[in-house]
Amino acid sequence: MSTAGMTALGFVLVFIGTAAGAAVVFVFKKDISPKFNTLFLGFAAGIMIAASVWSLIIPSIDGAESYGKLAWLPAAIGIVAGGVFLTLLDKVVPHMHIATNEVEGMHSNAAMSTKMFLAVTIHNIPEGLAAGVVFGAAAATGSKEAYFSALVLAIGMAVQNFPEGAAVALPLRAATGSRVKAFLYGAGSGIVEPIFAIFGYFLTSYVEALQPWLLAFAAGAMLFVVAEDLIPEAKLAEHPHLGTWGVVSGFVLMMILDVALGA
């Protein structure tokens with residue numbers, strides 16, 4: 001496969017994972033049980049943590065070798081900046097967390113389903129950005145191996161998007177009273193992934209000096225989503241072993257994908 005084909009495939013995969021997860025509303029008559037929801041969300045969190053470390057933070061540090069003893073600086077600042085970016089989105093965009101029914105962002109009279117949709121959309125921005133910056137870094141180096149590593153990250157994002165998409169679409173079905181609407185909301189929330197992937201790709205591939213900073217920025221945004229949303233919504237306190245093993249299994253799977261297949 002050509003490098004352009006691998007890039008296009010990677011951008012599409014992250015969206016397909018979300019859409020496929022949302023499609024479970026046509027299969028399941030009832031919501032996912034709390035135990036499975038904890039396992040699924042923990043699994044998604046584990047994948048995102050591992051992807052942040054192996055696919056983003058470590059390459060960020062490696063790419064900042066010219067900084068000498070300060071090679072950690074772009075990673076440290078980028079991670080914090082990614083968290084600040086998601087914090088600002090949380091403050092500005094009106095949305096509602098599905099598990100807790102907590103409303104955040106600016107005041108809005110938008111429907112509950114719209115706010116739930118926006119909450120999931122915010123989740124998906126860092127994942128699309130992460131896919132874009134790793135493919136952009138690969139384009140800058142021109143290395144086939146770098147493209148393959150980027151594709152592995154996209155596969156990991158698609159895998160974790162499936163249970164996340166399911167965990168989102170099923171409550172939306174209850175809120176909207178329609179399977180079709182729930183699917184469209186769930187799948188539509190993933191549209192931001194290829195959009196931000198394209199943005200991250202061009203920014204990273206054409207401004208080489210920004211690569212370490214942007215890789216870490218995407219990592220910080222993903223870690224923010226894990227700490228702010230996925231782990232709290234998994235309700236680990238209610239099912240601690242299931243949630244914990246979900247995180248561990250997701251982390252190990254993404255680590256294996258990145259180290260074994262992305263080498």
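Q: What do the words buried, partly exposed and exposed stand for here?
A: Buried means under 20% relative accessible area, exposed means over 50%, and partly exposed covers what lies in between. The words are applied here to a predicted model.

Q: Why is A81 called partly exposed?
A: The relative accessible area of A81 is 30%, and because this value falls between the limits of 20% and 50%, the residue is called partly exposed. A81 has its place in helix 3, which covers residues 73–92. Its C-alpha atom is separated by 21 Å from that of I47, a residue 34 positions away along the chain.

Q: What makes T38 count as buried?
A: T38 has a relative accessibility of 1%, and since buried requires a value under 20%, T38 counts as buried. T38 belongs to helix 2, residues 34–62, and, with neighbours within four places in sequence left aside, it is in contact with A234, K235, L236, H239, L242 and G243.

Q: How do you know that the span of helix 4 agrees with its number of residues?
A: At 1.5 Å a residue, the 30 residues of helix 4 should span 44 Å, and the C-alpha atoms at its ends are 45 Å apart, so the two values agree. Helix 4 is followed by G142, which has a positive phi near 75°.

Q: How is the packing of helix 4 and helix 7 described?
A: Two packed helices are described by the angle between their axes and the distance between the axes. For helix 4 (residues 112–141) and helix 7 (residues 192–206), the angle is about 35° and the axes are 6 Å apart. Helix 4 passes helix 7 in a right-handed crossing, and the residues of this contact divide into 12 nonpolar, 8 polar and 2 charged.

Q: Which residues have the most contacts inside the largest nonpolar core?
A: This core has 48 residues, and those with the most contacts inside it are L56, V133, V134, F135, M157 and L230. Helix 8 (211–234) is among the elements that give two or more residues to the core, and its 11 residues are the largest share. F135, for its part, is in contact with residues including M6, F11, Y147, L151 and Y201, once neighbours within four places in sequence are left aside.

How values were computed
Residues are numbered from 1 along each chain as its sequence is written. This is a predicted model: local features need pLDDT of at least 70, side-chain atom pairs count only at pLDDT 80 or more; totals for chains, interfaces and linings use all residues. Side-chain values use heavy atoms; hydrogens and water are left out. Axes are lines fitted to C-alpha atoms, for helices over the stretch in contact, and angles run from 0 to 180 degrees between N-to-C directions. Helices (H or I, at least four residues) and strands (E, at least two) are DSSP runs, numbered from the N terminus. A crossing is left-handed if the near helix is turned anticlockwise from the far one by less than a right angle, and right-handed if clockwise. Ala, Val, Leu, Ile, Met, Phe, Trp, Tyr, Cys and Pro count as nonpolar, Asp, Glu, Lys and Arg as charged, and the others, Gly among them, as polar. Buried means under 20% relative accessible area, exposed over 50%, partly exposed in between (1.4 Å probe, protein chains only). Contact means heavy atoms within 4.5 Å. The expected span of a helix is 1.5 Å times one less than its number of residues. A nonpolar core is a set of buried Ala, Val, Leu, Ile, Met, Phe, Trp, Tyr and Cys residues joined through side-chain atoms within 4.5 Å.
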